[in-house]
Every structure is written in structure tokens, then in C-alpha cells.
Amino acid sequence: ENYNVGVPLFLFVAMTDALDGSLARIRRQVSEWGIVHDPIADKLLISSVLFVIVLEHINFAIGIALIAVESVMLIGGWYRKVHGTVEPAERWGKLKMATEVVAILILLLALWLRVDLLIDISNGTLALALVFAIVSILVRIK
């Protein structure tokens, strides 16, 4: 519950992840390793924060659903890799990740600044991220 450290640290990690992906695309240095491992790092970041903070302060069902969807996405990516297909993240997955980061940041700010209204906004934003996650999975099913 040390939000003086946790909020800036989460923001820093999320921003470095976004910067890394942007630089790779701009420099045309997208690699198969990055395509496979960056989503794993994203899911570990989001799932760990969901597990530690979101499940305690937000709708438990939404938190569990997001963790489950993240797990399905990881398993699906692993399955495609084993079968010789490596595909970069598509726009729905990127939108899901960005929405999750915003929702978690709003929640952390709500807890840090003690603004209850932000908790409700975070809850709604996480529900939207869940919708994007489900769409992302459905788009990948062929």
C-alpha cells in the first residue's frame, strides 16, 4: 500500500513497455522474439497487478475474468507458436492492453489520492478492457 512508490513505478513500467514497442516498429526492428515475449511480459505485468490490487478493490468477477482471458490469450499464443505461426498483436489486443493500463492507473490514483469516484471509473474501464479482450480473442479465431 505504498502508493508513493507503486503508482510511479507502475507508470514507469507501462511507459517503458509502450516505448519499447514503438521504437521497435519505428526502427523496423520487430523480431519474432519480441512478438512472442512482449505479450508475455504485458500479461505478467497486468495479471500481477490485477491479482494484488484489483481483486481487492474492484469487482472481483471482472478481475478474475480478465486474468482468465489473459491466460487464454497466452495459451493461444503458445499454441500458435508451437504450430509454426507467430503473429504480432492486433489492434484489439493493443487497445485492451492500453485500456487495462489506464484502468489500473486510475485505480492506483484513486487509492493514492483517496478519491472514491475514480474507483468506479476504474471499474468501468476494466469492464471495457474485458470487452476488448474478448473481441481480441474472437478476431484470432479462424
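In this predicted model, S47 is a residue of helix 2. With a relative accessible area of 18%, S47 is buried, because the cut-off for that class is under 20%. Once residues up to four places away in sequence are set aside, S47 touches I67 and E70.

Helix 2, which spans 32-57, also belongs, together with helix 4, to what covers the buried residues of helix 1. Helix 1 itself runs over residues 3-26 and has 24 residues, and the distance from its first C-alpha to its last is 34 Å, close to the 34 Å expected at 1.5 Å a residue. The buried positions in helix 1 are Y3, V7, F10, A14, D17, G21 and A24. After helix 1 comes R28, a residue with a positive phi, near 55 degrees.

| Helix pair | Angle between axes | Distance between axes | Handedness of crossing |
|---|---|---|---|
| Helix 1 and helix 4 | roughly 160 degrees | within 9 Å | left-handed |
| Helix 4 and helix 5 | about 165 degrees | 8 Å | left-handed |

For helix 1 and helix 4, the axes cross at roughly 160 degrees, and the two helices are therefore roughly antiparallel to each other, since angles over 145 degrees fall in that class. On the side of helix 1 the contact is made by Y3, N4, V7, F10, L11, A14, D17 and R25, and on the side of helix 4 by K94, M97, V101, I104, L105, L108, L109, L111 and W112. Sorted by class, this contact of helix 1 with helix 4 has 13 nonpolar residues, one polar residue and three charged residues.

The classes in the contact of helix 4 with helix 5 are 19 nonpolar, five polar and two charged residues.

Between helix 4 and helix 5 there is a loop, and R114 is found in it. The phi of R114 is near 60 degrees, a positive value in a residue other than glycine. Is R114 buried or exposed? Its relative accessibility is 74%, so R114 counts as exposed, the cut-off being over 50%.

Within helix 5 lies A133, which is buried, with a relative accessible area of 0%. Which residues are in contact with A133, leaving aside its neighbours within four places in sequence? They are V69, M73 and K96. From A133 to G77 the separation is 56 residues in sequence and 14 Å in space, taken C-alpha to C-alpha.

Helix 3 covers residues 60-82, and A65 has its place there. A65 has a relative accessibility of 25% and so counts as partly exposed, the class that lies between under 20% and over 50%. The pair A65 and L55 is 10 residues apart in sequence, and their C-alpha atoms are 11 Å apart in space.

Methods: Residues numbered from 1 in each chain as written. Predicted model: local features only at pLDDT ≥ 70, side-chain atom pairs only at ≥ 80, totals over all residues. Heavy atoms only, no water. Axes fitted to C-alpha atoms, helices over the stretch in contact; angles between N-to-C directions. Helix = DSSP H or I, 4+ residues; strand = E, 2+ residues; numbered from the N terminus. Left-handed = near helix turned anticlockwise from the far one by under 90°. Nonpolar A, V, L, I, M, F, W, Y, C, P; charged D, E, K, R; others polar. Buried < 20%, exposed > 50% of the residue type's maximum accessible area, 1.4 Å probe, protein only. Expected span 1.5 Å × (residues − 1). Contact = heavy atoms within 4.5 Å. Parallel < 35°, antiparallel > 145°, perpendicular 65-115°, else oblique.
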